[in-house]
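Please consult the sequence and the structure shown below.

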Amino acid sequence: MASEKEAALAATPSDSPTIFDKIINKEIPSTVVYEDDQVLAFRDISPQAPTHILIIPKVKDGLTGLSKAEERHCEILGRLLYTAKLIAKQEGLDDGFRIVINDGPKGCQSVYHIHVHLLGGRQMTWPAG
C-alpha cells in the first residue's frame, strides 16, 4: 500500500463516488462508532493514534474538501465538529484530542469526500507533520 503522501498525490480531485460512499451504503464494512441522519463515524483502518475515527457527512453535496465549502455547507461543517466532540466524550478522550481536516494534494487528502479525523488516546506533538 502506498504511503499517505503517495496516495494523496495519486488521488484525483472529483465529485465522483468514493470509498466513503461505499461505506455509507454499507457496500464496504466498517466499524461504526456513531451514526445519525446526517453523519457517519467509523474507525480508521490505518490508525495514527490509539483512537482514530473518521467523521463524514452522509451527503457530499459538492463538499469534496474544505476548500470547496460554500455558505450553504455551514450547517454540516458545524455538525461534523460537534459530532467529533460527542464521539471524543464517548471514547473517553477527556484529556484532549486532535481534529484534522486534510485538504488537497499538499494537505495529504486522498479521499475527495470531506472528512474529519478525530485522533486521541496519546500525547499529540507540535508542530504537526
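A residue counts as buried when its relative accessible area is under 20%, as exposed when that area is over 50%, and as partly exposed in between. The model discussed here is predicted.

## Salt bridge between R79 and D36

R79 has a relative accessibility of 26% and therefore counts as partly exposed. Its partner in a salt bridge is D36, with the closest N and O atoms 2.4 Å apart. Distant parts of the chain are linked by this pair: R79 belongs to helix α3, whereas D36 lies in the loop between β1 and β2, and 43 residues separate them. D36 is buried, because its relative accessible area is 14%.

## Other salt bridges

In the whole structure, 7 salt bridges are found. One of them joins the side chains of K58 and E35, at 2.8 Å from N to O. This pair also connects distant parts of the chain, since K58 sits in the loop between β3 and α3 (74-90) and E35 in strand β1 (residues 32-35), 23 residues apart. K58 is partly exposed, with a relative accessible area of 24%, and E35 is partly exposed at 39%. Together with K26, the residues E35 and K58 form a network of salt bridges.

A salt bridge also brings together the side chains of E70 and R72, at 2.9 Å from N to O. E70 is partly exposed at 43% relative accessibility, and R72 is partly exposed with a relative accessible area of 48%.

## The largest pocket

The volume of the largest pocket is about 920 Å³. Its lining comprises 37 residues, of which E4, D44, Q48, H52 and H117 are the closest to the pocket centre. By class, the lining divides into 20 nonpolar, 12 polar and 5 charged residues.

Several helices and strands each supply at least two lining residues: α1 (4-10), α2 (19-24), β2 (39-43), β3 (51-57), β4 (97-100) and β5 (116-120).

## S16 in a loop

S16 is located in the loop between α1 and α2. With a relative accessibility of 39%, S16 counts as partly exposed. S16 and L77 stand 61 residues apart in sequence and 20 Å apart in space, C-alpha to C-alpha.

Conventions: Residues numbered from 1 in each chain as written. Predicted model: local features only at pLDDT ≥ 70, side-chain atom pairs only at ≥ 80, totals over all residues. Heavy atoms only, no water. 1 Å grid on protein atoms, 1.4 Å probe; cavity = no way out; pocket = protein on both sides within 12 Å on 5 of 7 lines; lining within 4 Å. Points joined across faces, edges and corners; volume = space filled by probe spheres on them. Helix = DSSP H or I, 4+ residues; strand = E, 2+ residues; numbered from the N terminus. Nonpolar A, V, L, I, M, F, W, Y, C, P; charged D, E, K, R; others polar. Buried < 20%, exposed > 50% of the residue type's maximum accessible area, 1.4 Å probe, protein only. Salt bridge = Lys/Arg side-chain N within 4 Å of Asp/Glu carboxyl O.
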